[in-house]
Amino acid sequence: MSIMVKTILQVLYIIICIAIVVIVLMQEGKNSGLGAISGSADTYWSKNKGRSAEGKLAKATAILGTLFMVLSIVLCMNM
């Protein structure tokens, strides 16, 4: 692997690492949805969570996590 490509991949890797940290910190905690105890779990908000900002953050976390793992493997293969 050429030095230029490796440098570009390393910079992209660092950007992805920082983005994962920021997105995880932006997410709400799991204990904020304790409405199931009182029986109010089936609200409009809980049914459409995939289209909400929290759902988008969860999808972005999964995508960035996948990219992180793939780039980790690629960068380790060609040392």
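**Figure 1. Overall fold: the protein has four helices and zero strands.** Helices (H or I, at least four residues) and strands (E, at least two) are DSSP runs numbered from the N terminus. The model is predicted: local features need pLDDT of at least 70, side-chain atom pairs count only at pLDDT 80 or more, and totals for chains, interfaces and linings use all residues. Residues are numbered from 1 along each chain as its sequence is written, and side-chain values use heavy atoms, with hydrogens and water left out. Along the sequence the pattern reads α-α-α-α. The accessible surface amounts to about 6200 Å², and carbon and sulfur atoms contribute 72% of it; accessible areas come from the Shrake-Rupley method with a 1.4 Å probe, and for residues only the protein chains shown count as cover. Of the 79 residues, 16% are buried (buried means under 20% relative accessible area, exposed over 50%, partly exposed in between). Among contacts (heavy atoms within 4.5 Å) with a separation of 6 or more, 85% join residues 24 or more positions apart.

**Figure 2. The largest nonpolar core comprises eight residues.** Its members are L9, I16, I20, I23, L57, L64, L71 and L75. Two or more core residues come from each of the elements α1 and α4 (53-77). Such a core is a set of buried Ala, Val, Leu, Ile, Met, Phe, Trp, Tyr and Cys residues joined through side-chain atoms within 4.5 Å. With neighbours within four places in sequence set aside, L57 is in contact with I23, M26 and Q27.

**Figure 3. One aromatic pair is found in the whole structure.** The ring centres of Y13 and F68 lie 5.2 Å apart and the planes meet at 15 degrees, so the pair is stacked. Rings of Phe, Tyr and Trp (its six-membered ring) pair if their centres lie within 6.5 Å; planes under 30 degrees apart count as stacked, over 60 as edge-to-face and the rest as tilted. Because Y13 belongs to helix α1 and F68 to helix α4, the pair ties together parts that are 55 residues apart in sequence. Y13 is partly exposed at a relative accessible area of 22%, and F68 is partly exposed at 28%.

**Figure 4. I14, I18, V22 and M26 make a nonpolar surface patch of about 390 Å².** Patches consist of residues with over 30% relative accessible area and no salt bridge, with like charges joined within 9 Å and nonpolar side chains (Val, Leu, Ile, Met, Phe, Trp, Tyr) within 5 Å. A salt bridge is a side-chain nitrogen of Lys or Arg within 4 Å of a carboxyl oxygen of Asp or Glu. I18 lies in helix α1 (residues 3-26) and counts as exposed, with 53% relative accessibility. V22 also lies in helix α1 and is partly exposed at 43%. From C-alpha to C-alpha, V22 and T61 are 9.8 Å apart in space, although 39 residues apart in sequence.

Key: Buried means under 20% relative accessible area, exposed over 50%, partly exposed in between (1.4 Å probe, protein chains only).
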